[in-house]
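Q: I would like to learn how to read pockets, cores and ring pairs in a protein model. Could we start with a pocket and what lines it?

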Amino acid sequence: MHIVSFNVPFPANYGGVIDIFYKIKALHQLGIKIHLHCFQYGRTESKELEKYCESVNYYPRKNNFSNAFHYLPYIVASRSSEKLMQNILKNDAPILFEGLHSCHFLNDARIKNRLKIYRESNIEHHYYWHLFKSEKNVFKKIFFLSEYFKLLFYQKILKYSDLMLVVSEADKKYLHEKFPNKKIIYLTSFHGNEKLNSITGKGNYVLYHGNLSVAENENAAMYLLKTIFSETEIPFKIAGLNPSERLKKTIASFKNVELIENPDDAKMQDLVQQAHVHFLITFQATGLKLKLLNTLYNGRFCLVNKNMLSGTNLENVCCVADTAEEMKQKLKELFEIEFTSSEIEKRKGVLKNYFSDEENAKKINELIFG
């Protein structure tokens with residue numbers, strides 16, 4: 001099969017590429033021969049991908065300023081390559097398009113009779129609407145709003161797909177309303193965790209982690225600082241990539257808060273395992289938050305808001321609070337109790353049923369190849 005990826009999916013160190021890389025790995029283990037097509041920007045070619053693919057093809061992403069004024073969304077207009085199309089036409093294998101980003105050729109007449117699968121990771125115009133609301137820079141706000149409208153219109157291209165694989169029940173419901181005659185399957189994100197690594201006992205700090213250069217994540221961290229940790233002495237650590245000066249300055253004003261800036265994978269894994277409570281909130285009820293899934297496999301208690309759980313079936317293994325008062329109360333309760341083996345067993349049941357990479361790869365194999 002062909003897989004068209006919006007970026008080089010290795011290293012697998014952020015949401016979208018995590019799903020792609022571990023999907024490739026799991027499909028390879030089933031004996032499926034994969035021709036991978038990657039739009040390349042900011043990442044080098046990867047020898048690791050060659051272990052799991054028959055071929056790995058790279059195409060430069062066209063990050064031209066002029067594409068911001070294209071009638072297509074920027075994330076689509078910048079990912080087009082006739083060379084990609086010629087490579088896909090070399091055989092009649094099914095084509096999996098990863099995200100709306102990669103769907104430039106989905107309606108191309110040359111693949112009209114090919115099996116075409118769309119892999120959804122977000123309802124993209126919803127995501128860009130939240131980016132627009134979160135962003136402070138006026139020029140970025142204008143760009144995000146423009147993309148919102150373009151993506152809303154461009155979504156119609158999905159009628160040319162034969163199958164949609166979506167990451168949450170909420171997104172499945174939305175797409176089914178828009179495309180009632182299409183086959184839409186709920187298939188959770190691939191994540192690479194093969195077993196639960198959570199440890200029992202009690203940690204001595206609370207952790208929030210994420211890509212801190214993303215406005216949504218910075219806003220979540222600022223909310224927790226100002227509404228929760230300004231009124232408690234419980235130790236709080238914030239870890240992630242590229243925090244802004246604004247966030248650094250705010251953190252420095254708290255005696256009980258520590259910033260861990262740009263931790264490597266080993267450090268991040270240790271932070272996740274040793275924390276007693278993970279505070280994971282979002283103001284965007286979009287897609288599946290892979291950091292929640294990774295935390296459930298590797299950490300202790302997860303304190304989340306409802307947006308974080310939207311359509312995930314993970315309510316029974318998280319502690320849910322939506323208001324600041326609820327969060328403060330739940331945090332106090334969790335920080336005083338131990339994380340036990342019974343919590344781990346409960347997680348195992350839920351995660352095995354919905355989030356096994358091996359089982360999800362088998363589902364894809366059955367859906368595509370019968």
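**Reading a pocket, a core and ring pairs**

A: In the second largest pocket, H1 supplies the largest share of the lining, with 4 residues; please keep in mind that this is a predicted model. As a general idea, rolling a probe the size of a water molecule over the atoms shows where empty space is left. Here that pocket holds about 440 Å³, and the elements giving two or more residues to its lining are helix H1 (15–29), helix H14 (341–354) and helix H15 (357–369).

Q: How many residues line the second largest pocket, and which lie nearest its centre?

A: There are 18 lining residues, and Asn 193, Glu 194, Ser 356, Asp 357 and Glu 358 lie nearest the centre. By class, the lining comprises 8 charged, 6 nonpolar and 4 polar residues.

Q: Which residues touch the most other members of the largest nonpolar core?

A: Phe 279 and Leu 292 do, within a core of 49 residues. Beyond four places in sequence, Leu 292 touches Leu 280, Cys 302, Val 304, Met 308, Leu 309, Leu 314 and Cys 318. Another core, of 34 residues, lies apart from the largest one and has Phe 105 and Tyr 128 among its members.

Q: Why is the pair of Tyr 223 and Phe 283 edge-to-face?

A: Planes over 60 degrees apart count as edge-to-face, and because these two rings have planes at 85 degrees, with centres 5.7 Å apart, the pair of Tyr 223 and Phe 283 falls in that class. Tyr 223 is partly exposed at 24% relative accessibility, and Phe 283 is partly exposed at 39%. Phe 301 and Phe 339 also pair edge-to-face, at 5.1 Å and 90 degrees, and both Phe 301 and Phe 339 are buried.

Key
Residues numbered from 1 in each chain as written. Predicted model: local features only at pLDDT ≥ 70, side-chain atom pairs only at ≥ 80, totals over all residues. Heavy atoms only, no water. 1 Å grid on protein atoms, 1.4 Å probe; cavity = no way out; pocket = protein on both sides within 12 Å on 5 of 7 lines; lining within 4 Å. Points joined across faces, edges and corners; volume = space filled by probe spheres on them. Nonpolar A, V, L, I, M, F, W, Y, C, P; charged D, E, K, R; others polar. Core = buried A, V, L, I, M, F, W, Y, C linked by side-chain atoms within 4.5 Å. Buried < 20%, exposed > 50% of the residue type's maximum accessible area, 1.4 Å probe, protein only. Contact = heavy atoms within 4.5 Å. Phe/Tyr/Trp six-rings, centres within 6.5 Å; stacked < 30°, edge-to-face > 60°.
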